Protein chains: 4
Amino acid sequence: MVGESGRARRERRGERRREEILSAAARVFAAKGYHGATTREIAEAADVAEGTIFNYFPTKRDLLVALFERGADRMLAVALQYDDALPVAEALTDRLATVLGFYARNRVYIRAIAAEAWTDPQLLETYVLPRLQRVAGALSEFLRARISAGHLRPFDCDLGARLLMGMVAALMLPIVRGTQEPPGVAERRRLAASVVDLFLRGVAASAGG
Amino acid sequence: MVGESGRARRERRGERRREEILSAAARVFAAKGYHGATTREIAEAADVAEGTIFNYFPTKRDLLVALFERGADRMLAVALQYDDALPVAEALTDRLATVLGFYARNRVYIRAIAAEAWTDPQLLETYVLPRLQRVAGALSEFLRARISAGHLRPFDCDLGARLLMGMVAALMLPIVRGTQEPPGVAERRRLAASVVDLFLRGVAASAGG
Amino acid sequence: MVGESGRARRERRGERRREEILSAAARVFAAKGYHGATTREIAEAADVAEGTIFNYFPTKRDLLVALFERGADRMLAVALQYDDALPVAEALTDRLATVLGFYARNRVYIRAIAAEAWTDPQLLETYVLPRLQRVAGALSEFLRARISAGHLRPFDCDLGARLLMGMVAALMLPIVRGTQEPPGVAERRRLAASVVDLFLRGVAASAGG
Amino acid sequence: MVGESGRARRERRGERRREEILSAAARVFAAKGYHGATTREIAEAADVAEGTIFNYFPTKRDLLVALFERGADRMLAVALQYDDALPVAEALTDRLATVLGFYARNRVYIRAIAAEAWTDPQLLETYVLPRLQRVAGALSEFLRARISAGHLRPFDCDLGARLLMGMVAALMLPIVRGTQEPPGVAERRRLAASVVDLFLRGVAASAGG
DNA sequence: CATGAATGAGTCTTCATTCAT
DNA sequence: GATGAATGAAGACTCATTCAT
C-alpha cells in the first residue's frame with residue numbers, strides 16, 4: 001500500500017505550490033500591475049525563492065497567461081446558462097446577480113489581468129475577445145428567444161446584449177478597481193433587479209417620453 | 001523690423017515640437033502600452049533625438065501626465081452641457097452622439113492612457129475619477145430635472161446615470177481598443193438614438209415585463 | 001553532518017565577494033576618481049558582472065560610503081593612543097611612525113576617498129571632520145599633559161596639534177598620491193624622528209632665534 | 001580718431017566676457033566640484049547662454065585648465081621671494097603671512113581646483129607639482145642660506161621646507177574648504193608668527209625634552 | 001558673436017532568467 | 001525540486017558639444 005505515495009503525493013504538492021505562486025502573482029499584479037510587479041516580489045508573496053517560480057512557469061509572462069486561462073473558463077461557466085423556464089425578468093436577474101458575484105469574488109484576478117488585456121493584443125485576442133463574444137452571443141440568443149416567445153418587444157438583440165454587459169461592467173468597475181467594497185449577496189440581487197427593471201421598462205414617463 | 005523676430009517664432013516652434021513629441025508618445029503608448037514603449041521608440045516616432053524628449057518633458061511619466069491633462073478637460077467640455085429646451089430623447093441623443101464623436105476622434109489618446117489609469121492610483125485619482133464624477137453628476141442632475149418636469153418616471157438617477165455611461169462605454173470599447181472601425185457621424189447618431197430609445201422605453205413587450 | 005552546511009559557507013562567500021567588489025572600487029576610484037570611474041570598470045576590476053555590484057551595494061555612491069566607513073575607524077584605532085610611560089620624543093615618534101605606516105598601507109583607499117571628501121560636504125561632515133577632530137583632540141591632550149608634567153614648555157596645544165598633523169600630511173601626500181614610493185618601516189621611523197626632533201628642538205641656532 | 005575703437009574695444013569686451021565666464025566657473029566648481037557642475041549652471045552663473053561658453057573655451061575641461069593656469073603663476077609670484085636683509089624670523093613670518101593672504105583671497109579658486117588636481121594626473125603634473133617644487137626649492141634655499149650664515153642650526157632643509165609647507169596647508173585647509181572664516185590681515189600675521197616661533201624654537205622645555 | 005534647441009554617446013540601475021549548490 | 005547569487009541586456013535620463021538662426 002505504498003500506493004499513491006511517491007509520485008502522486010509529489011504531484012499534488014507540486015500542484016499546490018503552483019497554485020500558491022499563481023495566486024501570489026495575482027495579488028502582486030493586482031496591486032502594482034504586471035510591469036510594476038517584480039518576480040522577487042511575487043516570490044516573497046508566495047514565500048518561495050525567486051528561482052522556484054521558474055520551476056513552475058517558464059517566464060513571468062506565463063504567470064499572466066495562466067491567470068487568463070484560469071479565469072476565462074470560470075467566467076464562461078457562470079455567464080452562459082440562462083434558465084428558460086423562468087420569466088424573463090427573473091431569468092435575467094438571476095444571471096446578472098450570478099455574474100456580479102463572480103466579479104466580486106474574483107475582483108483581484110480581474111484587476112490583475114485587465115490592464116494587460118487592454119495593452120496586449122495577443123492576450124486580448126486569445127483569451128478575452130472570444131469569451132466576451134460567447135457571453136454576448138448567449139445573452140443575445142436568450143433575448144431573441146424571448147422575443148419570439150412574445151416576452152419582449154422586437155429590438156436589436158446584439159446591441160441590447162452589449163448594452164446590458166456595459167451596464168453590468170459599469171456597476172462592477174469600482175469594485176474591481178478596489179475603490180468600493182464588494183456588495184453582499186442581497187445587495188447584488190438588488191442591483192441586478194434594478195438593472196433588469198430599467199432594461200425592461202425603461203425610464204420614460206408612463207405614456208412614452 | 002522683421003516683424004515678430006526670433007523669440008516669438010522660436011517659441012511657436014517649441015510649442016509645435018512639444019505637440020509632435022506628445023502625439024508621437026500617444027501613438028506609441030497606444031500601440032505598446034506605457035511600459036512597453038521606450039523613449040527611443042517615441043523619439044523615433046517623433047523624428048527627434050532621444051535627448052530632445054527630455055528638453056520638453058522632464059521624465060517619461062510626464063508624457064503620460066501631459067496626455068491625461070490634455071484629454072481630461074476636453075472631455076468635460078463635451079460631456080457636461082445638456083440642452084434643457086429639447087425633449088428628453090433628443091437632448092440625450094444629442095449628448096450621447098457628441099460623446100461618441102469625442103471618443104472616436106480621441107481614440108488613440110484614450111487607448112494610450114486607459115491601461116495606466118487602471119493601474120496607477122495617482123493618475124486615476126487625480127485625473128480620471130474627478131472627471132467621471134462630474135460627468136455622472138451632470139447626467140444625474142439632468143435626469144432628476146426631467147423627472148421633476150414629469151418627462152421621466154421616478155427612479156434612482158445616480159444608478160441610471162452610471163448605467164447609461166456603462167452603455168456608452170460598451171459601445172466605444174472596441175473602437176477605442178482598435179478592434180473595430182470608428183463610426184461616422186450618421187452611425188454615431190443612430191447608435192445614440194438606439195441607446196436612448198432602449199433607456200427610455202425598455203424592451204419589455206407591451207406595457208409590462 | 002557536513003559541518004557548517006550551505007548557509008554559513010554561502011554567507012562567507014558573500015562577505016568575500018563584497019570585499020572583492022569594494023577593493024576593486026577602491027582601486028578604480030583611486031585611479032580615476034569617483035566620477036571618472038564607471039560601474040562597468042569596477043565590475044571588470046572585480047571580475048563580476050555589472051549587475052552583481054548592485055546585489056551588494058544599492059548605488060555606486062554606497063561603494064564610496066562603504067570605503068569611508070571601513071577606513072574611518074581603522075584610522076582612529078591607530079591615531080589615538082599615546083604611551084604616557086615613554087619620554088615625549090619617543091611617545092610622539094612612536095605614534096607618528098605608526099600613523100605613517102597606516103597611511104602607507106592604506107594609501108590606495110585614502111587616495112580613492114580624498115577627492116570626494118573634499119568635494120562632498122555630506123561625506124566630509126559625516127566621516128572625515130569628526131575623526132580628524134578626535135585625532136587632533138587626542139594629540140592636543142597629550143601635549144597638554146606633557147606641559148603639565150614639565151616635559152614641554154607652555155604653548156598653544158591646539159595649534160601645535162594641527163601643525164603636527166599638517167607636517168605628517170605633508171610627508172604622506174606624495175606617497176598617498178602615488179608620486180612617490182611608500183617608505184619601509186625603518187624609513188618611516190627615521191622620518192617620524194626627524195619631525196619630532198624639529199617639533200621639539202626647533203631649528204634656531206644655539207638657544208634662541 | 002576712430003583709432004582703437006573697432007577691433008581693440010571688441011577685444012577688450014571679449015577679454016572681460018572670458019573673465020566673467022571663468023570666474024563663474026570657479027564659483028560653480030567650488031560649490032559642486034568639477035563633475036557636479038554643469039555647463040548650464042556655469043552659463044547661468046555667468047549670465048550668458050550655454051553656447052557662449054564654447055566661444056571662449058573649446059571644452060569644459062579647458063575652463064579647469066584656465067583656472068589652473070591663472071592660479072599657478074600668481075602663487076609663484078607670492079611664494080618665492082624671501083627678504084635676505086631681514087632676520088630669519090621676520091623674513092619667514094613675512095613670507096608665510098603673505099602666503100596665507102594669498103590662500104585667503106583665492107580660497108574659492110583653490111577649492112575649485114584642488115579636488116581635480118588630486119584626481120587628474122595630467123593637471124597635477126603640468127601645473128601643480130612643478131609649482132610646488134619651485135616653492136619648496138626656494139624655501140629650502142632660503143633655509144640653507146641662513147644655516148650658512150649661522151642663523152639656523154644645520155638640519156635637512158628639504159625636509160624642513162616640506163614640513164613648513166605642511167603646517168601652512170594645515171592652517172589654511174578649513175578656510176579653503178569653507179568651514180572656517182578667512183582670517184584678517186592681523187590674524188594672519190599672528191598665525192604666521194606662531195608657526196615660525198614653533199619652527200624656530202621647538203616646544204621642548206628649556207633644557208632639551 | 002550670442003543664443004539655446006538638438007544631439008546622442010555614455011551612465012547608472014533594474015530585473016527576468018540561469019544555474020551551481 | 002528548492003535556493004538565491006550571478007548575469008547582462010535593456011532602459012531612462014544626463015549633459016557636453018554643435019550649429020542653424
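A polar contact here is a pair of N or O atoms within 3.5 Å; within protein, one must be able to donate a hydrogen and the other to accept it, and residues adjacent in sequence count only if both atoms are side-chain atoms. This is a predicted model, where local features need pLDDT of at least 70, side-chain atom pairs count only at pLDDT 80 or more, and totals for chains, interfaces and linings use all residues. Side-chain values use heavy atoms, with hydrogens and water left out, residues are numbered from 1 along each chain as its sequence is written, and chains are lettered from A and ligands numbered from 1 in the order in which they are written.

**Exercise 1.** Work out what holds the polar side of the interface of chain D and chain C.

*Step 1.* Count the polar contacts: 18 residue pairs, both at pLDDT 80 or more.

*Step 2.* Look for salt bridges (side-chain nitrogen of Lys or Arg within 4 Å of a carboxyl oxygen of Asp or Glu): the rule finds two. C:Arg153 and D:Asp197 pair up at 3.5 Å, N to O.

**Exercise 2.** Find which atoms touch the phosphate oxygens of DNA strand F.

*Step 1.* Now the backbone: an N or O atom of B:Thr39 lies 2.9 Å from a phosphate oxygen.
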